[in-house]
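Trainee: Please take one part of this model and walk me through it closely. I would like one connected account, with the whole chain as background.

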Amino acid sequence: MAARLLAHEVSDLCLGKPPLKSLSTSATVRHALAALNSTHETHISLWTCNHQNHPSFFDRPIIDPCRCVGKISMVDIICYLCRQDSLTSPSAALDSPVSVLLSPDSAAVVRHVDPATSLVEAIDLIINGAQNLVVPISSRTTMNSKRKQNLQNGISIAPTTHSGGEEFCWLTQDDVIRFLLSSIALFSPTAAYSVEALGIIDSEILSVNYHSPASAALEAITASLADQTSVAVVDDDGILIGEISPFTLAHCDESVAMAIATLSAGDLMAYIDCGGPPEDIIRLVETRLKERGLTRLLDEFSPYSSSDDESSQSPVTVKSGRLSRSSSYSARITRMAEAIVCYPGSSLVAVMIQAIAHRVSYVWVIEEDCSVVGIVRFSGMLEVFREHLERMMS
């Protein structure tokens with residue numbers, strides 16, 4: 001059984017995964033926003049070529065130097081729109097090149113790998129900082145049958161197809177953790193040890209006070225996106241109240257930038273929580289934006305249209321892939337600002353299952369009084385499994 005696990009290649013983990021949706025580096029932030037709003041996926045891959053401008057699949061040149069150079073999500077756009085220059089001139093911000101959303105280390109975060117790359121090699125790449133491993137897969141259909149077009153904006157979000165019918169998928173930490181969980185018996189007794197005993201609780205966390213301006217957490221939100229963690233929302237005694245998670249924000253729409261610019265961290269939690277933002281908080285955001293002279297934001301990103309009839313409910317604006325109001329733009333996920341927690345004595349396998357069940361790559365570690373001890377991340381779990389695999393190979 002151990003030999004069979006060690007023999008697996010990344011191509012084995014790609015079975016059933018859909019081809020990547022792509023966006024060219026020549027696109028703008030506005031293009032990226034349109035593409036994200038027209039898909040249910042939280043990330044879109046960014047490539048050095050423009051697939052939309054290829055005349056047809058069969059007319060492509062034999063050599064296609066196109067490569068994936070990064071990934072973008074709604075969180076990248078929200079954080080970018082929260083910058084002061086973006087708040088004062090949102091239209092200009094949207095017309096900026098999409099490259100402004102890329103982090104300096106984006107090339108290390110997204111790595112191209114061969115389908116024959118071993119499972120152990122893939123784990124090593126992730127431990128060393130890679131978040132997405134781009135793997136070529138065989139095209140099952142022609143490019144034309146896969147292509148989707150945003151008719152209003154003319155933005156292609158087609159699967160990325162190269163010459164010879166080759167498409168790509170990517171593997172994430174979550175994919176590898178799920179794969180290892182299917183063979184968890186091979187990691188006995190390690191998987192039953194507590195996260196404290198294994199030494200994988202990271203005490204260096206990102207946090208913001210419940211009463212602090214949400215904008216004060218902007219740098220932490222950006223860092224948590226890069227680290228695939230989250231920002232703890234705590235009270236004055238360090239008790240965990242909730243979180244501001246990139247996972248949550250990735251399922252929201254761009255209007256959340258207005259909430260971050262005007263609300264406290266606690267109110268932002270209510271804004272992004274299940275069921276959509278309360279009406280009084282929406283009105284508060286609108287009032288504060290007007291007080292600050294940021295009415296351009298309301299024109300560009302208003303999450304609803306004001307109604308003259310106060311007794312009627314505000315209309316719900318439905319976008320492809322997201323709902324921007326009540327019944328919630330994030331109704332398709334079960335949790336929002338409520339943090340997923342475990343205890344220092346929780347076993348590794350229990351924490352793995354928790355994270356996978358809630359589709360996050362981390363779990364907060366707390367004491368019985370809800371004070372924060374630290375955070376356990378997938379990357380730390382993979383280090384433990386890598387050491388165990390090393391012993392299997394010796």
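Mentor: Start with the background. Buried residues account for 53% of the 394 residues in the protein chain. Keep in mind that this is a predicted model. The protein chain holds 18 helices and 17 strands. Its accessible surface is about 17,000 Å², and carbon and sulfur atoms contribute 51% of that. Now the contacts between residues at least 6 apart in sequence: 70% of them join residues at least 24 apart.

The part to look at is helix 4. Helix 4 spans residues 74-81. It is mostly covered, with eight of its eight residues buried. Go along it by name: Met74, Val75, Asp76 and Ile77 are among the buried residues. Ile78, Cys79, Tyr80 and Leu81 are buried as well. Buried here means under 20% relative accessible area. Note that the list includes Asp76 and Tyr80.

Next, a packing partner. Helix 4 packs with helix 11, which covers residues 218-227. The angle between the two is about 155°, and their axes lie 10 Å apart. Helix 4 is therefore roughly antiparallel to helix 11, since angles over 145 degrees count that way. The crossing of helix 4 past helix 11 is left-handed.

Which residues meet there? On the helix 4 side they are Val75, Asp76 and Cys79. On the helix 11 side they are Leu218, Ile221, Thr222 and Leu225.

Now look past helix 11 in sequence. Strand 11 takes up residues 231-234. It belongs to an open sheet of three strands, ordered 10-11-12, with mixed pairing. Strand 10 (206-209) and strand 12 (240-244) stand at the edges. Each has a single partner strand, so one side of each has no neighbour in the sheet. From one strand to the next, the twist averages 35°.

Take the pairing of strand 11 with strand 12. These two run antiparallel and are joined by four bridges. For Ala232, the bridge partner in strand 12 is Glu243. A helix packs on this sheet too: helix 14, residues 265-272. Helix 14 touches strand 10, strand 11 and strand 12. Its direction makes about 65° with that of strand 12.

To return to your close look: helix 4 has eight of its eight residues buried, and it packs with helix 11 at about 155°.

Notes
Residues numbered from 1 in each chain as written. Predicted model: local features only at pLDDT ≥ 70, side-chain atom pairs only at ≥ 80, totals over all residues. Heavy atoms only, no water. Pairing = 2+ DSSP bridges. Axes fitted to C-alpha atoms, helices over the stretch in contact; angles between N-to-C directions. Contact = heavy atoms within 4.5 Å. Buried < 20%, exposed > 50% of the residue type's maximum accessible area, 1.4 Å probe, protein only. Areas by Shrake-Rupley, 256 points an atom, 1.4 Å probe, with all protein chains shown as cover. Parallel < 35°, antiparallel > 145°, perpendicular 65-115°, else oblique. Left-handed = near helix turned anticlockwise from the far one by under 90°.
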